[in-house]
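Subject: Structure for your review

Dear colleague,

Please find below the structure that I am handing over to you.

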Amino acid sequence: MNILAIETSCDETAAAVIGDEAKILSNVVVSQIDIFAAYGGVIPEVAARSHLEAILPVIHQALDDAGLAKDDIDCIAVTYAPGLLGSLLIGTLTARTLAILWHKPLYAVHHLKSHIYSNWLHDDINQDHTTLPNFPLMALVISGGHTQIIYMPEHNKFEIIGTTRDDAVGECFDKIAKILGLPYPGGPSIAKVAEHGNSNKYKFPHPKVDGLDFSFSGLKTAVLRAVQADCNLPITTPSYELAKHLAGQQRADFAASFQATACDILLEKLQIALEGHPEARATVFAGGVSANQVLRQKALVGPKNSLRSDFWHPHADLQVFFPEPRFSGDNAAMVGAAAYYEIIAGSQAVDPYKLNILPHTPIK
Ligand code: KG4
Ligand code: ZN
């Protein structure tokens, strides 16, 4: 089976061809990061227009790279939810049009499901399948728009057991980066500067949220206040005024201390979730923030004050999966992987004349 997958939910225009068992036949991503770095964030209308310009060349490239023509494609998969309205429209309208013109079945895929299934992508169909996640599993979805712990008893079944009550963790990275005067997107910028910083220099409180929910707005305010205090500025100083007062090492120490705290908060909640589900056989990380190297290191050794460090011991039974860094951020290969596991489970194709986008709908 050859799946042509399309993803345009935010600011990446992406197309990929995915074969049996989620084998990557091609993967093309055109990022709009350079456009939005100048503005410090995504402008939805500009993103939609950029998708419109890029979508057809990107699809052509994905077919060419796979060495396939349209007749070799068995079906089309596209992100229909959640995301920016105008961005989702470009991808879905393109996919609907191609499905009608080429007489191919069309599958609508949820973006967070795609992020989770980035962990099933591979280059080699003959790989050892013990290297794939076992069920039941616990997924930690950490992106610019979402922070959720999702329990999956089996393929294609999702129970959201924890979610953020305010900011997403990626959004928090992006906002702290602005305070520190670092370019958009904030995650990679903070990670880079933090390499030269002391993660123990500043102490930030962990939010007191019961259960498995997250909160990141308090951490954002804590960093803001600490920067103001360290620079001897009043708390009325606006956040956009702060960066110019920071010395290089001070900026690096703030970046490293914030990054370490954000990672510890994520892992502590994930551990509590795993304690509540001792039957879980794997934990999978997904979404843009899963590219973070400090998070990856901490996940393998356990966070500070780890309650059940045995969960994280490299020889414990629990499998721990991170997507390859190139599949942490938005891409279409993961859409194809998610579609593949839907299709083999018997999921029905959608009507290409009727597919609607759903910018805010939860995973299903
Ligand atoms: O999954 P994604 O590409 O798009 C959404 O679906 O939101 O995630 C984007 C988010 C941004 O907030 C970005 O700052 C963050 O992922 N991010 C990172 C890293 N790379 C990207 N956060 C922390 N560390 C990174 N290395
Ligand atoms: Zn995403």
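In which helix is Ser257 found? The residue belongs to helix H8. Before going further, please note that this is a predicted model.

**Ser257 and its surroundings**

Ser257 has a relative accessible area of 0%, so it counts as buried. The side chain of Ser257 has a polar atom 2.8 Å from the backbone oxygen of Asp253. A polar atom of that side chain also lies 3.2 Å from the backbone oxygen of Asn198. If neighbours within four places in sequence are left aside, the residues in contact with Ser257 are Asn198, Ser199, Asn200, Lys201, Tyr202 and Phe204.

As background, the strands of a sheet pair through backbone hydrogen bonds, in either a parallel or an antiparallel manner. Strand S9 (residues 282-286) pairs with S10 in the parallel sense, over three bridges. Within this pair, Val284 stands opposite Phe321 of S10.

Are His115 and Asp330 buried or exposed? His115 has a relative accessibility of 1% and therefore counts as buried. Asp330, with a relative accessible area of 16%, is buried as well, because the cut-off is under 20%.

**Ligand 1**

Ligand 1 is surrounded by 19 residues, and the closest are Gly144, Asp174, Gly187, Gly288 and Asn292. A polar side-chain atom of His111 is 3.1 Å from an oxygen atom of ligand 1. For His115, an N or O atom of the side chain lies 3.0 Å from an oxygen atom of the ligand. Gly288 takes part through its backbone: one of its backbone N or O atoms is 2.9 Å from an oxygen atom of ligand 1.

How many of the five residues of strand S5 (residues 106-110) are buried? Five of the five are buried, and the strand is described as mostly covered. Both faces of S5 are covered, with Leu106, Ala108 and His110 buried on one side and Tyr107 and Val109 buried on the other. Strand S4 (residues 75-81) pairs with S5 in the parallel sense over five bridges, and Ala77 stands opposite Tyr107 of S5.

**Backbone details**

Two cis peptide bonds deserve a place in your notes. One runs from Ala81 to Pro82, with omega near -25 degrees, and Pro82 lies in the loop between S4 and helix H3 (85-102). Another runs from Phe135 to Pro136, with omega near -5 degrees, and Pro136 lies in the loop between H4 and S6.

Positive phi values also occur in residues other than glycine. Glu21 has a phi near 55 degrees and lies in the loop between strand S2 (12-18) and strand S3 (24-31). At 28% relative accessibility, Glu21 is partly exposed. Asn232 has a positive phi of about 55 degrees, and its place is in the loop between helix H7 (217-230) and H8. With a relative accessible area of 72%, Asn232 is exposed.

Yours sincerely

Conventions: Residues numbered from 1 in each chain as written. Chains lettered and ligands numbered in written order. Predicted model: local features only at pLDDT ≥ 70, side-chain atom pairs only at ≥ 80, totals over all residues. Heavy atoms only, no water. Pairing = 2+ DSSP bridges. Helix = DSSP H or I, 4+ residues; strand = E, 2+ residues; numbered from the N terminus. Buried < 20%, exposed > 50% of the residue type's maximum accessible area, 1.4 Å probe, protein only. Near = heavy atom within 4 Å. Polar contact = N/O pair within 3.5 Å; in protein donor to acceptor, adjacent residues only side chain to side chain. Contact = heavy atoms within 4.5 Å.
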